[in-house]
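Colleague: Could you walk me through this model, one chain at a time? I'd like the cut-offs as we go.

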Amino acid sequence: MVHGEAWTLKEFFVYPNEYIYWSIQIVMYPFMTGLVAGAFVLSSLYHVFGVKQLKDIARFSLVFSLALLPVAMMPLMLHLQQPQRGIYVMMTPHFTSAIAAFGIVFTTYGLIVASEIWFVYRQFIVETVLELRAKQQKTAVESARLFLYSLLSMGAMDLSPEALHKDERAVGILAGIGIPVACFLHGYAGFIFGSVKANALWMTPLMPVIFICSAVVSGIALCIVTYIITMEIRKLIFARKRRNNPRLPSTEELKSAEIQVVTMTAKYLVMFLVLAITLELLDLIFRTYTAVKSWDILRSVIYERDFFKIFILQYGLGNVVPFIIFLRPGLTIRRALVGTLLVLMGVFMMRWNVVIGGQAFSASFSGFMEYQLPIWPSTLELFKEGLFGALSVIITPFVLFFLVTRILPVFGIKDSH
Amino acid sequence: MMNRREFCKKTMIVAGGLIIPLSALEVFNPRRLYAEKNDKGKVRWVFLVDVHKCVGCGFCVKACKIENDVTWDANVTRTWVERYVITRDGQTLIDSPKGARDGFTSQKIDQAHAGLKDVKPEDIAKGFFVPKLCNHCDNPPCVQVCPVGATYQTQDGVVLVDRTWCIGCGYCVMGCPYGVRYFHPQLHVAEKCTLCYHRLSQGMKTACVDACPFGARRVGNIRDPEDPVTKIITTEQVNVLKEEFGTKPQVFYLGSSMEVK
Amino acid sequence: MKNHVWRPLFIVLAIVAGILITRTLLVPDDFGIGERGYMYGWHRKSNEAEWKKYPVKYKTATVCIECHKDKYDDIKDSPHGSISCENCHGPNYDHPKDPLGLNIDRSRGLCIRCHAYLPYRDSARAKIPGIDPVKHYPQAECIMCHYPHDPTKSNPKHRNPEVKS
């Protein structure tokens, strides 16, 4: 069977070779990259602009963006028909293609994030090494940890105030460079779509900017969600531990700290949300007003076929409702959680409506294509480009985050052991 | 003065540097870039379709599929024929069942999921057939967007795919406004019309041209002023498809109509 | 170089060097800019020759005439004279070596490609005699009555008394 035939339903006249070639994984790609970029920008707000209120979530979102990083690559590898040749992008890059620089930009960005984390955690790593070295009798696990942390320290054991000060400056500089690179990485994903002149829905210079704004929105939202969930788990753990150790912070203390962080972060979320919606509406109004050749078919896609997905799910539930939730005074944790989850859904639907919506009509403007998400993975292709492929992409960052935090804890480094 | 430790260190750096040959740093040579861009050869293949002559028999599609080993039953094709039926009330109905591999033998128009549409003969204002194939554009957007250089244009204007180098990202498929590209069902790489490069380069015509009994398809060299195809293109009213994309398509149409997509 | 701040940079340099070395090993020597410049001609040169070597299957009538001059004379002046031999007789490949005999398509489906009536008055299709495949002797093969090399004649070989002409 031809690639794409399994999930494409054609109606009226569609060119014989046209199928929905870019499916769920290409929806996941900008969504996941957006989360990476957003999480990084959130952490940089503290490191670069010194937004003190975000201190707690900054370290958290930085590590989270590291956990998300390999996952931005995953949907692409699942999407490629020849994934084993993916490295050719680095071997013979054809820079007239918007995809060609991906490998380079992505690697640069990954190295920046990794280095920044190294500087942030160097003190912790060195202290752990010293602590483990001091122990006389080491268990196998402790020896392994000692080896791992010694490796991570890269032999830089200097903990003098000057050295630590240098670390801090390096973090500031890297976070500073990181912001444009993160925006580039994601605006670039927007450019990949925006520059396809063959696609009437995609081709707009606004695409990169829209992508960056919604990326930051989704990144912040995911950080809030994960932050809330981890805090709730910590509350439960602390409540249990407090029986033996009354000096630990009480549930109330944790809660007030939590809501403060969430409220502050939500403000930035709303800011970027407004920007994203403004640009998206501008694009829509402009298309309606200019009504070029492609408008007839675009109108029937936007206002008829995809109406529910665009206006109810994306704009309604994904933008307007959370907007109201965050702007009403007295934000509670539960409301924030609902709001951010809706925002995440909204951004996902925006990616969906761009990627799948852009292929919902034929390049002949005389027919439509409908994407039917493959559910049951009976073949490898249906797994890769189906529900379960997408789910594995969603789950992986959380698994990675869990693993990374085993090595580099994000909460209370001083009192966690 | 250099002590031993420092000497060892420096030697390591120099040796390390030597391992990476300078050529590794060269992604492309800018001088070649300019020198060869404007070098025009003696041959530039172009294609001419005469819409008036096409009867929709689909022999061209059949020949192409066999000649180029395009999987017979796969619902993709390197070339295809579209049927246009315009009704008296101004409706345009288009179809190309199986790319017209078996020709058009029914009056019913295939609207895919919307079913077969029957138009009464007295309601038909006009009906005609339009053969389609890769336009081998002068500015091929599909080549521009290939991230690895797996698709390219030869000096004589044919756009080809390197099957050993394609990573299968599908960007070229999305980049083509004419929908001529697809994924090879078995090889899983981008696939398209080669203008029968193997035939042209040994002085033959393309398989579709040889299979057409009506002369609706012709191939020629636009750089040769004596070529009959060139004469028609330069002296008669010919058209191209989707000129607004700036792709400079090199498949010319005689007798095309505004309804043609 | 005492500063520990540069240590991540060494790793970065090592990665870059790794990529560059892989490049020299993996990229074919003839990969480069072709005649159409970097934008349209960035490719592996030897691929052009690979495409040129692709086997030709339809050898055209000029090859058929060499041995089957009689058949050629039979069809050349008939209304079917413009149809390539291989359209009905199948692609030549390496005939007569391989395949020995060609796979001739005598089916109704082949004839109605042109001869199924379609009501498009101004198209070239209207100038071809057309039938309604559902009503015109649907149980019979066309060649039972019609002689494919010259449709103006009836088929001497296949005349079937059960089908009235």
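Modeller: Chain A has 13 helices and 2 strands, where helices (H or I, at least four residues) and strands (E, at least two) are DSSP runs, numbered from the N terminus. This is a predicted model, in which local features need pLDDT of at least 70 and side-chain atom pairs count only at pLDDT 80 or more, while totals for chains, interfaces and linings use all residues. Residues are numbered from 1 along each chain as its sequence is written, and chains are lettered from A and ligands numbered from 1 in the order in which they are written.

Colleague: Why call chain A as compact as a globular protein of that length?

Modeller: Its radius of gyration is 23 Å, close to the 22 Å that the globule rule gives for 417 residues, so chain A is as compact as a globular protein of that length; the radius is taken over C-alpha atoms, and the rule is 2.2 Å times the number of residues to the power 0.38. The C-alpha trace of chain A spans about 75 × 55 × 40 Å along its principal axes.

Colleague: And what percentage of chain A counts as buried?

Modeller: Of its 417 residues, 48% count as buried, meaning that 20 or more other C-beta atoms lie within 10 Å of a residue's own, with C-beta atoms placed from the backbone (exposed is 12 or fewer, partly exposed in between).

Colleague: Switching to the interfaces, how many residues of chain B are in contact with chain C?

Modeller: There are 57 residues of chain B in contact with 46 residues of chain C, a contact being two residues whose C-beta atoms, placed from the backbone, lie within 7 Å. On the chain B side, β6(B) gives the largest share, 5 residues, and the elements that give two or more residues include α2 (30-37), α3 and β7 (151-153) of chain B. By class, that side has 29 nonpolar, 17 polar and 11 charged residues, where Ala, Val, Leu, Ile, Met, Phe, Trp, Tyr, Cys and Pro count as nonpolar, Asp, Glu, Lys and Arg as charged, and the others, Gly among them, as polar.

Colleague: What does β6(B) pair with?

Modeller: β6(B) pairs with β2(B) in the antiparallel sense over 8 bridges, and two strands pair if DSSP finds at least two bridges between them. Strand β2 (residues 80-87) of chain B is mostly covered, with 7 of its 8 residues buried, and 4 bridges join β2(B) to strand β3 (residues 92-95) of chain B, again antiparallel. Val85(B) has Gly127(B) as its bridge partner in β6(B) and Leu93(B) as its bridge partner in β3(B).

Colleague: How many residues sit between β2(B) and β3(B) in the hairpin?

Modeller: There are 4 residues between them, and Gly90(B) in the turn has a positive phi of about 85 degrees.

Colleague: Now chain C: which elements cover the buried residues of α7(C)?

Modeller: The cover includes α3 (59-67) of chain B together with α6 (85-89) of chain C. Helix α7 (residues 108-115) of chain C has 6 of its 8 residues buried, among them Cys111(C), Arg113(C) and His115(C).

Colleague: How many residues of chain C are in contact with chain A?

Modeller: 12 residues of chain C are in contact with 14 residues of chain A. Helix α1 (residues 7-26) of chain C gives the most to the chain C side, with 6 residues, and that side has 9 nonpolar, 1 polar and 2 charged residues.
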